[in-house]
Amino acid sequence: MTIGTTYTLSFWIKSVSNEVTSSATQATINAFFVNATYTPSNIQAPLPALGWQKVSFTFIATQTFALIQLRTTSTSTIGNDFAVDDFELKAGGLPFTLVNNSSTNPTCPSINDGTITATASGGSTPYKYALTGTSSANNSTGKFTDLSEGTYTLTITDFAGASLAPITGIVLAAPNPLIVSATLPTVCPGTPTTLSVSGASGYTWTANPLDSTLTTPNSTSITVSPTQTTTYTVSTGKIPNLTNLINNGDFELGDTDFTSDYITNVNPNPTGIQKAYAIVSNPKSYFTPFSACPDKTTGTGKMFIADGSTVNGGNDKVWVQNGVSVVPGTDYDFTYYLQNIVTGGPARIEVTINGNKIGPEAIAPLLPCIWQKNTYKWNSGSNTFASIIIYDRETSGNNDFALDDISLVESPVCPLTKSITITVNSTLTLEIIDPAPVCSGAPVNITLPTVLKPGSTTGTTLTYWTDAAATISLPNPSAITTSGTYYIKSTLGSCSITKPVLVSINSSGGVPTPGVSPVSYCQNSIATPLTATPATTATLNWYGIDATGGIASTTAPIPSTASVGTTTYYVSQSIGTCESPRVAIDVTVNPKITPTFAATTAICSGDTLFTLPLSSSNSITGTWLPAFDNTKSDTYTFTPTAGQCATTAPLTITVNPKITPIFAAIPAICSGDTLFTLPLSSGNSITGTWLPSFDNSKSDTYTFTPTAGQCATTAPLTITVNPKITPTFTATTAICSGILFLHYPCLQAIVLLELGCLLLIILNPTLILLRQLLDNVQLLHH
């Protein structure tokens with residue numbers, strides 16, 4: 001084997017005797033390992049009908065080899081027969097799982113005796129069980145005792161560190177069987193109410209604030225008359241006498257105040273003599289193979305240890321105390337702590353008082369040094385003394401154990417409390433809901449709970465009257481057949497309040513018709529459900545187009561607008577079980593009219609805007625879109641005002657572009673030239689007039705304005721008038737008489753006339769040449 005490795009021992013087992021019928025006759029087997037760490041556990045052979053069953057044990061090797069023993073702890077002479085087969089040992093543990101868990105509540109709110117127990121299997125042993133919550137504890141057994149009320153969480157971890165899912169929300173709550181009630185939980189000042197309690201005995205009532213009318217505080221039922229809201233609390237139970245009636249139950253006085261069939265003159269006990277006991281602080285100092293376990297009381301004090309007897313069939317008395325004084329008819333708790341002081345076994349402890357077994361055997365924990373608390377209830381009956389004997393019924397060996405903290409104390413009677421509050425109202429509230437109207441022949445019941453509104457004071461006495469002073473009783477409030485106002489009186493103690501209730505019983509035909517109005521639609525328009533105005537509390541009944549017969553509906557019909565014409569629908573109303581006559585609603589579907597307009601003449605672009613008519617020739621009013629534009633041809637849409645059953649209508653307006661008159665250009669004239677008339681018709685046949693008047697003395701631009709109605713623009717015409725020029729000449733030198741001298745500056749020539757002959761001389765601009773010419777002319781002249 002490998003040290004530190006987990007191994008699993010498996011084998012098959014079955015019962016082989018038909019006398020095996022219950023757990024009392026089934027064989028109990030446990031596995032014992034040497035050189036190993038493990039959690040001792042027992043298994044029982046299955047009932048015969050189950051046949052072969054596989055069982056497994058796990059352990060962790062602490063050496064390279066281990067000793068394995070299977071032991072049966074059963075001593076029954078009936079049944080207890082089994083067979084085993086197919087043993088297997090292999091490395092590895094079983095799956096780490098939770099086998100079961102359970103809990104028990106504390107017996108009383110003030111007593112810490114609750115328990116929480118869990119069992120795991122597989123994985124690596126030993127396990128660590130950790131409890132947290134209202135209190136905390138750790139152990140390797142999975143059993144936690146002496147717990148108070150509260151909420152706990154249990155976690156389980158194996159030796160290898162693997163953990164199971166935490167067991168959360170374990171709630172321990174002590175039972176409280178008290179039941180408290182009141183005949184009137186709400187009263188007027190001074191009104192009596194009776195409080196009762198059950199579930200226990202020995203009651204005590206108190207009041208907060210104090211109530212002088214609480215005169216029988218120890219009764220099961222009390223009658224009180226509070227004048228203010230008061231909380232009454234009932235208590236039961238008593239504080240027990242917790243004196244331990246066992247002398248030297250913790251063995252701190254040594255070997256005294258008890259007797260035993262075991263021997264005690266061997267201490268230490270090196271040879272392990274059986275059926276022997278000692279009072280020690282350390283079992284190992286008594287016998288070396290025993291474990292060094294501490295005592296239960298302080299951890300350093302003394303305890304009773306025993307090397308268990310293997311003779312006399314388990315009838316040797318381990319511990320005896322006689323003559324314990326008790327009170328007759330009293331419940332007691334007998335408690336002792338038990339632990340194993342060797343690995344294996346274990347001891348099976350039984351307790352008797354006055355010769356009677358007081359509970360099942362207690363089996364010591366398989367592992368050593370784990371104190372296990374065992375408590376039994378015992379009633380003294382008529383006894384005044386108790387003789388208490390402890391036996392170890394196990395005789396198969398390894399039944400070595402220790403006892404400590406043996407006690408016999410009075411059992412506590414749970415101190416229970418429960419409260420109830422009586423509300424005192426100085427005024428009563430009564431709100432009435434009038435019953436629905438009915439037809440004649442249908443009675444009205446004003447005693448129904450539905451007549452009272454929520455918020456009315458409860459727990460009162462209701463009476464029914466015909467007058468507001470509540471002096472004349474109403475004989476039949478559950479079957480009223482006459483309309484009228486009646487009265488309900490609510491009374492609580494000295495308080496009362498009276499309110500009216502209206503009963504409406506309609507005679508036949510007494511329900512009026514609902515209010516209606518005719519309806520009109522345009523053809524193919526969207527219709528909505530018809531409407532009618534019902535009376536208060538009335539329900540409408542729609543019959544479609546059925547003037548008679550048909551089936552009423554609470555859903556109003558939606559008229560069809562597909563066809564032109566008038567359709568009549570019918571509706572009535574019901575008040576209670578009465579129905580009015582049907583009334584007609586005429587629905588008229590009108591055809592749609594097309595608006596008509598006179599055709600418009602074409603206009604010129606830019607003509608003065610005019611307003612499109614808002615009413616058609618056939619009197620349909622409406623609006624136009626888009627806005628009128630005098631610069632372009634367009635089609636405008638007329639949309640009728642809603643409610644006229646008319647369609648839209650188009651209107652096209654033509655806008656002609658304006659033509660520019662064309663005139664031939666007029667050549668420039670000389671100032672003062674004869675006036676001429678400007679043309680009154682353009683080259684493209686546009687007629688019109690000119691402005692301003694023609695003036696032949698200056699250049700000017702004249703505007704041609706077309707005659708109205710020609711869709712033409714104005715046109716300008718510019719006439720150039722040139723001023724007349726006065727000729728100018730260059731001064732000449734003197735010439736001889738008889739010579740005609742003509743000077744043409746433009747031609748740069750000088751013409752000399754002499755003797756009827758024309759002589760043209762072309763001048764050269766050069767002044768030198770001119771002088772020469774002049775000289776020549778003079779010579780010529782001579």
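**Cysteine pairs**

Modeller: Start with Cys522. Its relative accessibility is 17%, so Cys522 counts as buried, the cut-off being under 20%. Keep in mind that this is a predicted model.

Colleague: Which cysteine does Cys522 form a disulfide with?

Modeller: Cys522 pairs with Cys645, and their sulfur atoms are 2.1 Å apart. The torsion about that S-S bond is -125 degrees, and the link is left-handed.

Colleague: Where do Cys522 and Cys645 lie?

Modeller: Cys522 is in strand β37, residues 519-522. Cys645 is in the loop between β44 (634-640) and β45 (649-653).

Colleague: Zooming out, how many disulfides does the structure hold?

Modeller: Four. One of them joins Cys188 and Cys495.

Colleague: How far apart are the sulfur atoms of Cys188 and Cys495?

Modeller: They sit 2.1 Å apart. This link is left-handed, with -135 degrees about the S-S bond. It connects distant parts of the chain, 307 residues apart. Cys188 is in the loop between β16 (186-187) and β17 (193-198). Cys495 belongs to strand β35, residues 495-503.

Colleague: What is the relative accessible area of Cys188?

Modeller: It is 0%, so Cys188 is buried. Cys495 is buried too, at 11%.

Colleague: Next topic. What does Cys293 join to?

Modeller: A disulfide links Cys293 to Cys369, with an S to S distance of 1.9 Å. The pair bridges distant parts of the chain, 76 residues apart. Cys293 lies in the loop between α1 (283-286) and β22 (303-307). Cys369 lies in the loop between β27 (362-363) and β28 (372-379).

Colleague: Why is the disulfide of Cys293 and Cys369 left-handed?

Modeller: Because the torsion about its S-S bond is about -75 degrees.

Colleague: What about burial for Cys293?

Modeller: Cys293 is buried, with a relative accessible area of 2%.

Colleague: Last one. What is the relative accessible area of Cys670?

Modeller: It is 34%, so Cys670 is partly exposed. Partly exposed covers the range between buried, under 20%, and exposed, over 50%.

Key: Residues numbered from 1 in each chain as written. Predicted model: local features only at pLDDT ≥ 70, side-chain atom pairs only at ≥ 80, totals over all residues. Heavy atoms only, no water. Disulfide = S-S within 2.5 Å. Helix = DSSP H or I, 4+ residues; strand = E, 2+ residues; numbered from the N terminus. Buried < 20%, exposed > 50% of the residue type's maximum accessible area, 1.4 Å probe, protein only.
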